[in-house]
Amino acid sequence: LSSIPFIAAVTASSQIPRLNTPNIFESATPITDPTVPQTTTLSSLNEALQTISSSCDRRYLHAVVASDYKFMYRGLPANEKSSTLPSIQSEPSDLLLPSTYGSIEAANFFAALEEQMQSQPVKPSNGHLAVTNVDAAKVWGGEAASIWPLLGGEGENSVHFAWLEDGGEFWSDQKKRNRDDASNMKVIVDGVDCGRFSLEDALEGDNVEILFRADRFLMVPVSMEEEL
């Protein structure tokens, strides 16, 4: 990918480079209600790269580089403007809602997982799911976009990651789990379970779901990935 030197240069520096460009957030609508999803559509890939440079979580960038530039993805509605342009999303977690998977069983499973992960910085009540497989992400919208978690008001403490030690999905209709399964799951939390299956290992997996916490995250449509 042509962006590899750019991302590598960003991760190699201990200082976050600042580009002499206008602040892309100046005209954005202020987020007044954290329970309402907010979308800021960017005008170009260049703006997305500037956002990665200035605001993306450094641990994630290092994991992307270490994994030979593997990403995590979420679904995008194919008929929306955000499926053709990068966008910054801010939205509440929906994993505890039955409507997310259309399943009471799934909601109960994530409620039990919430109890297990109650003391962790990332959990179903404040997290979002992304997956390392593009086709799996497209199931949730028709199109897919790579995810770039952005730092929030707490800096590096505002972004966290977790995944299953054995890889794979937390929940799927093909492999339905119950509350006991959730309670017995071996979940790795980045920065807590050091020395075990790492974030870069998770990114290298063929179909690994990653639970991440971020107040904001950048989405870059896969249609722009070759240009990226």
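Trainee: Which helix is arginine 58 in?

Mentor: Arginine 58 is in helix H3, which covers residues 58-66. Keep in mind that this is a predicted model.

Trainee: Is arginine 58 buried or exposed?

Mentor: Arginine 58 is buried, at a relative accessible area of 12%. The cut-off for buried is under 20%.

Trainee: What does the side chain of arginine 58 reach?

Mentor: The backbone oxygen of serine 53, at 2.7 Å. Serine 53 is one of the buried residues of H2.

Trainee: How many residues of helix H2 are buried?

Mentor: Nine of the eleven in H2, residues 45-55, so the helix is mostly covered. Among them are Leu45, Glu47, Gln50 and Ser55.

Trainee: Back to arginine 58. What separates its C-alpha atom from that of glutamate 156?

Mentor: A distance of 8.0 Å, although arginine 58 and glutamate 156 are 98 residues apart along the chain. On the chain as a whole, take contacts between residues at least 6 apart in sequence: 84% of them join residues at least 24 apart.

Trainee: Which other residues of H3 are buried?

Mentor: Besides Arg58, the buried residues of H3 are Tyr60, Leu61, Ala63 and Val64. At the start of H3, a side-chain oxygen of aspartate 57 comes to within 3.3 Å of the backbone nitrogen of arginine 59.

Trainee: And what follows H3?

Mentor: Aspartate 68, with a positive phi near 65°. Aspartate 68 has that positive phi although it is not a glycine. Its place is in the loop between H3 and E2.

Trainee: Which other residue in that loop has a positive phi near 65°?

Mentor: Tyrosine 69, again a residue other than glycine. Tyrosine 69 is found in the loop between H3 and E2.

Trainee: Are aspartate 68 and tyrosine 69 buried or exposed?

Mentor: Aspartate 68 is exposed, with a relative accessible area of 54%, whereas tyrosine 69 counts as buried at 14%.

Trainee: Changing topic: how many residues are in the largest nonpolar core?

Mentor: There are 43. The residues with the most contacts inside this core are Tyr60, Met72, Trp148, Phe161, Ile210, Phe212 and Leu218. Strand E5, residues 142-150, gives the most to the core, with five residues.

Trainee: What is phenylalanine 161 in contact with?

Mentor: Leaving aside neighbours within four places in sequence, the contacts of phenylalanine 161 include Asp57, Tyr60, Met72, Pro149, Ile188, Leu199 and Phe212. Val122 is also one of its contacts. Val122 is included in a second, separate core of 19 residues, along with Leu113, Met185 and Val187.

Trainee: How many aromatic pairs are there?

Mentor: Nine, from a search of the whole structure. Tyrosine 60 and phenylalanine 161 form a stacked pair, with 5.9 Å centre to centre and 20° between the planes.

Trainee: Why does that pair tie together parts that are apart in sequence?

Mentor: Because tyrosine 60 lies in helix H3 and phenylalanine 161 in strand E6, residues 160-164, and these parts are 101 residues apart in sequence. Tyrosine 60 is buried at 0% relative accessible area, and phenylalanine 161 also counts as buried at 0%.

Trainee: Which pair is edge-to-face?

Mentor: Tyrosine 101 and tryptophan 140 form one, at 5.2 Å centre to centre and 85° between the planes. Tyrosine 101 lies in helix H4 and tryptophan 140 in the loop between helix H6 and E5, so this pair ties together parts 39 residues apart in sequence. Tyrosine 101 counts as buried at 16% relative accessibility, while tryptophan 140 is partly exposed at 48%.

Trainee: And which residues form the aromatic cluster with Tyr60?

Mentor: Phe71, Tyr73, Trp148 and Phe161.

Trainee: Last topic. How many residues line the largest pocket?

Mentor: There are 31, of which Arg74, Gly75, Leu129, Ala137 and Trp140 lie nearest its centre. The space in this pocket is about 740 Å³.

Trainee: Which element gives the most to the lining?

Mentor: E2, with five residues. The elements that give two or more residues are E2, H4, E4, H6 and E9.

Notes: Residues numbered from 1 in each chain as written. Predicted model: local features only at pLDDT ≥ 70, side-chain atom pairs only at ≥ 80, totals over all residues. Heavy atoms only, no water. Helix = DSSP H or I, 4+ residues; strand = E, 2+ residues; numbered from the N terminus. Buried < 20%, exposed > 50% of the residue type's maximum accessible area, 1.4 Å probe, protein only. Polar contact = N/O pair within 3.5 Å; in protein donor to acceptor, adjacent residues only side chain to side chain. Core = buried A, V, L, I, M, F, W, Y, C linked by side-chain atoms within 4.5 Å. Contact = heavy atoms within 4.5 Å. Phe/Tyr/Trp six-rings, centres within 6.5 Å; stacked < 30°, edge-to-face > 60°. 1 Å grid on protein atoms, 1.4 Å probe; cavity = no way out; pocket = protein on both sides within 12 Å on 5 of 7 lines; lining within 4 Å. Points joined across faces, edges and corners; volume = space filled by probe spheres on them.
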